[in-house]
Amino acid sequence: ILVAFFTLCSIFAFGVLIGRASNTQIEKNDDANANLAGAMPIEESLQAYSTQNENLIKNEESLVYDSAKYDVLTTTQFTHDEMQNITVYENANEAVVNITTETMGVNWFLDPVPMEGASGSGSIIDDRGYVLTNTHVIAEASKIYVSLASGSQFPATVVGIDAENDLAVLKFEPPRSLKLRTIAFGSSANLKVGQKVLAIGNPFGLERTLTVGIVSALGRPIQSKKNIIIKNMIQTDTAINPGNSGGPLLNSSGQMIGINTMIYSTSGSSAGIGFAVPVDTAKRVVSEIIKYGKVRRGDIDAELVQITSSLARYASLPVDKGLLVSKVNKGTYAATSGLKGGTEAVRQGYGRYSSVFYIGGDIIISIAGHKIEALKDYYSALEDKKPGDVVRVRIIRGSSEYELNVKLSERKE
């Protein structure tokens with residue numbers, strides 16, 4: 001009986017505890033429901049969020065883009081330097097053309113077939129369709145095409161080239177209704193290292209690309225071929241890549257001050273060392289090319305041989321650098337000036353590749369103040385000289401040095 005009594009008491013106590021816990025949970029749920037009942041409905045919440053955003057937009061109206069204010073914004077959202085770049089590009093890019101070429105190759109059956117050739121850039125220098133570019137851009141081309149900013153493409157012909165400055169002038173025939181934009185010529189005479197420059201061209205075929213840099217150095221003599229040195233080249237860190245050749249190097253006023261020509265790189269792409277032919281050289285050359293189809297240069301009418309150490313030893317010459325005068329033809333300006341050739345014949349080379357020259361003549365060591373050690377120095381010294389000009393030539397004759405005034409003949413191609 002006692003066991004049954006205690007069992008009933010335990011069951012009763014357990015029931016009471018469960019009842020109290022349930023009442024507590026119900027009270028909590030009722031409180032939560034009461035709080036939920038007082039909260040904002042979803043529709044009203046979204047409406048409030050929208051109203052809050054509208055107020056935020058109104059408060060920050062000055063920061064929101066307004067198309068009606070575009071003209072004002074475009075003049076204030078760019079720095080002065082950026083506006084300068086934009087202005088130069090907009091004024092000059094249509095005067096820059098893309099040049100593509102075709103060359104002739106052979107197929108497996110040795111039949112001639114057209115092949116894609118070199119490509120580069122050029123500047124329209126005259127509204128009649130004259131274009132200035134580099135000689136190497138059109139080298140060995142059987143066909144040349146000029147593409148304008150509008151996308152129009154025209155066949156072009158070569159007016160003339162100047163291999164010594166790597167410059168060429170092309171001509172295409174624009175329709176009479178087409179008004180061409182031409183590049184403005186500046187001057188390279190007063191350039192300064194550190195001066196801002198811009199290049200427009202077609203690197204890797206990407207038309208009318210603008211890059212910006214500075215003049216890194218001036219007056220660089222760069223050897224472009226075996227016996228050719230281009231004088232006074234402009235060095236720049238402006239990005240110049242394959243396809244930029246022939247395009248303009250511009251000053252901050254949009255005037256052409258150079259023609260982008262070559263880069264120094266171990267990879268073939270821009271390494272921040274590019275070179276441009278000075279525009280003052282181009283102006284002198286272009287006028288002659290358009291007039292004569294070539295550049296008329298002065299020349300000493302004599303056969304000259306570059307002195308090497310082996311020749312100096314063989315002929316017992318007093319110097320191992322310079323130009324040996326092998327032969328001077330009678331009646332020439334060189335003969336009249338007193339320049340003397342050699343008398344002892346020497347054969348150089350073997351078989352069909354052998355040649356004969358003469359030793360014992362004068363040795364040229366200076367022309368017009370330029371030191372002459374090799375043929376490349378000779379061509380460089382006379383690059384800007386014309387037929388009929390008189391130059392001062394310093395020579396060694398025997399063991400003595402003399403100076404002669406030599407009138408120049410026209411150089412034969």
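Ala, Val, Leu, Ile, Met, Phe, Trp, Tyr, Cys and Pro count here as nonpolar, Asp, Glu, Lys and Arg as charged, and the others, Gly among them, as polar. This is a predicted model: local features need pLDDT of at least 70, side-chain atom pairs count only at pLDDT 80 or more, and totals for chains, interfaces and linings use all residues. Residues are numbered from 1 along each chain as its sequence is written, and side-chain values use heavy atoms, with hydrogens and water left out.

**Stop 1: the second largest pocket**

Select V305, Q306, T308, S310, L311, Y314, V346, R347, Q348 and F357; they line the second largest pocket. Its lining divides into five nonpolar, four polar and one charged residue. The elements giving two or more residues are β15 (302-306), α6 (309-315) and β17 (344-348). Helices (H or I, at least four residues) and strands (E, at least two) are DSSP runs, numbered from the N terminus. The volume is about 210 Å³. On a 1 Å grid over the protein atoms alone, a pocket is an open set of points with protein on both sides within 12 Å along at least five of seven lines; a cavity is a set where a 1.4 Å probe fits but cannot get out; lining residues have an atom within 4 Å of a point. Points are joined across faces, edges and corners, and a volume is the space filled by probe spheres set on them.

**Stop 2: A345**

Stay on β17 and pick A345. Beyond its neighbours within four places in sequence, A345 is in contact (heavy atoms within 4.5 Å) with V356, F357 and Y358.

**Stop 3: the cavity**

How many cavities of 30 Å³ or more does a search of the whole structure find? One. The largest cavity holds about 30 Å³ of space. Select E164, I228, I229, Y379, S380 and E383 to show its lining. Three are nonpolar, one is polar and two are charged.

**Stop 4: the barrel**

Colour the strands in the order β1-β2-β3-β6-β5-β4: a closed barrel of six, with antiparallel pairing. Two strands pair if DSSP finds at least two bridges between them. Neighbouring strands are turned by 40 degrees against each other on average, direction ignored. Zoom in on β1 (96-106) and β2 (112-126), an antiparallel pair with ten bridges. Here E102 stands opposite E116 in β2.

Next, show α5 (279-292). The helix lies across β2, β3 (130-133), β5 (153-162) and β6 (167-172), at about 105 degrees to β5. Axes are lines fitted to C-alpha atoms, for helices over the stretch in contact, and angles run from 0 to 180 degrees between N-to-C directions.

**Stop 5: aromatic rings**

The structure holds two aromatic pairs. One of them is F154 with F172, stacked at 5.4 Å centre to centre and 25 degrees between the planes. F154 sits in β5 and F172 in β6, 18 residues apart. Rings of Phe, Tyr and Trp (its six-membered ring) pair if their centres lie within 6.5 Å; planes under 30 degrees apart are stacked, over 60 edge-to-face, the rest tilted.

**Stop 6: β19, β21 and β22**

Finish with β19 (363-367) and β21 (390-397), antiparallel and joined by four bridges. S366 stands opposite R394 in β21. Then follow β21 to β22 (400-407): eight bridges, again antiparallel. R392 has N405 in β22 as its bridge partner. β21 and β22 form a hairpin with two residues between them. Which residue in the turn has a positive phi? Select G398, at about 70 degrees.
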